[in-house]
Amino acid sequence: MPLLVKICGLSTRETLDVALEGGADMVGFVFFPPSPRHISLETARELGSRAKGRAVKVALTVDADDAILENIVETLRPDILQLHGKETTARLRDIKAKFGLPLMKALPVETSADLAPLPGYAGVADRILFDARAPKDATRPGGLGAPFDWHVLENLDLALPYMVSGGLNADNVTEAVRVTRAGGVDVSSGVERMPGVKDPELIRAFIRAARAIQPSSPLPVHGERSTAQRAGG
Ligand SMILES: O=C(O)c1ccccc1N[C@@H]1O[C@H](COP(=O)(O)O)[C@@H](O)[C@H]1O
């Protein structure tokens, strides 16, 4: 299976179309008011119907309660929920039972100690997103355009699909995948001309760069690409 490419923080029809036409596998929509990429439910309804069936629709939330999630699910009709806050494994179970959608749990990474919660999340999440740990005084837990030390994931053995994010762009995505052996990549700031303002050319360049990535050697054990690679001998 090829590398999954997610373009996150889309908020206009025009840039959503660029991502879809460029071949993004996943398109992300941010529901977090302090973010410059936050969208209203009205916009979510419009962009959600535009993306339907063309890419996996991802709703990004941060410690959202059930009422907020209900509104998002009703308007965007997401295919997967990205939980980017401090949601516990118990909360993930709750959300799964209530909304019946696949869950992608974002895990903030700075050092290898940050991987300690993985076994718990692996029992309930469908996918893990490794993102750079935000500074303590940050106004949001992600979308800051800062990478983490990818070598923290170098020897990861995870029985779940995982993606990498945090400060990715067309110039560094190849190296990020080489080091982490992630099955997918996620970008927001790296395809923007300023926070919250997506740049069509940068979106196209990122997707092109990600599509050009050759499978790494040695073969990954657990990214989305591993099954196909093993099947292909
Ligand atoms: O994009 C945001 O504003 C945001 C807000 C709150 C939580 C996460 C957010 N973004 C996600 O963070 C990662 C990395 O983004 P970047 O490429 O470093 O800007 C990605 O998953 C974004 O979707």
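Predicted model: local features only at pLDDT ≥ 70, side-chain atom pairs only at ≥ 80, totals over all residues.
Which backbone atom type of Gly 143 lies 2.8 Å from an oxygen atom of the ligand? I found an N or O atom of the Gly 143 backbone at that distance.

Residues are numbered from 1 along each chain as its sequence is written, and side-chain values use heavy atoms, with hydrogens and water left out.

I looked up polar contacts (pairs of N or O atoms within 3.5 Å). A polar backbone atom of Ser 188 is 2.9 Å from a ligand oxygen. In the side chain of Gln 82, an N or O atom is 3.5 Å from an oxygen atom of the ligand. The protein covers 100% of the 500 Å² of accessible area that the ligand has on its own (Shrake-Rupley method, 1.4 Å probe).

Strands are DSSP E runs of at least two residues, helices H or I runs of at least four.

**Cavity.** I searched a 1 Å grid over the protein atoms alone; a cavity is a set of points where a 1.4 Å probe fits but cannot get out, and lining residues have an atom within 4 Å of a point. The whole structure holds 1 cavity of 30 Å³ or more. The largest cavity has a volume of about 280 Å³, the space filled by probe spheres set on the points. The ligand takes up this space (more than half of its atoms lie within 2 Å of the grid points). Of its 26 lining residues, Leu 60, His 84, Gly 142, Gly 143 and Ser 188 lie nearest the centre.

**Pockets.** A pocket is an open set with protein on both sides within 12 Å along at least five of seven lines. The largest pocket has a volume of about 470 Å³. Closest to its centre are Lys 86, Pro 108, Arg 133, Ala 134 and Pro 141. I count its lining as 11 nonpolar, 3 polar and 8 charged. β5 gives the largest share, 4 residues.

The second largest pocket has a volume of about 160 Å³. Its lining has 9 nonpolar, 2 polar and no charged residues. Helix α3 (residues 66-76) gives the largest share, 3 residues.

How values were computed
Polar contact = N/O pair within 3.5 Å; in protein donor to acceptor, adjacent residues only side chain to side chain. Nonpolar A, V, L, I, M, F, W, Y, C, P; charged D, E, K, R; others polar.
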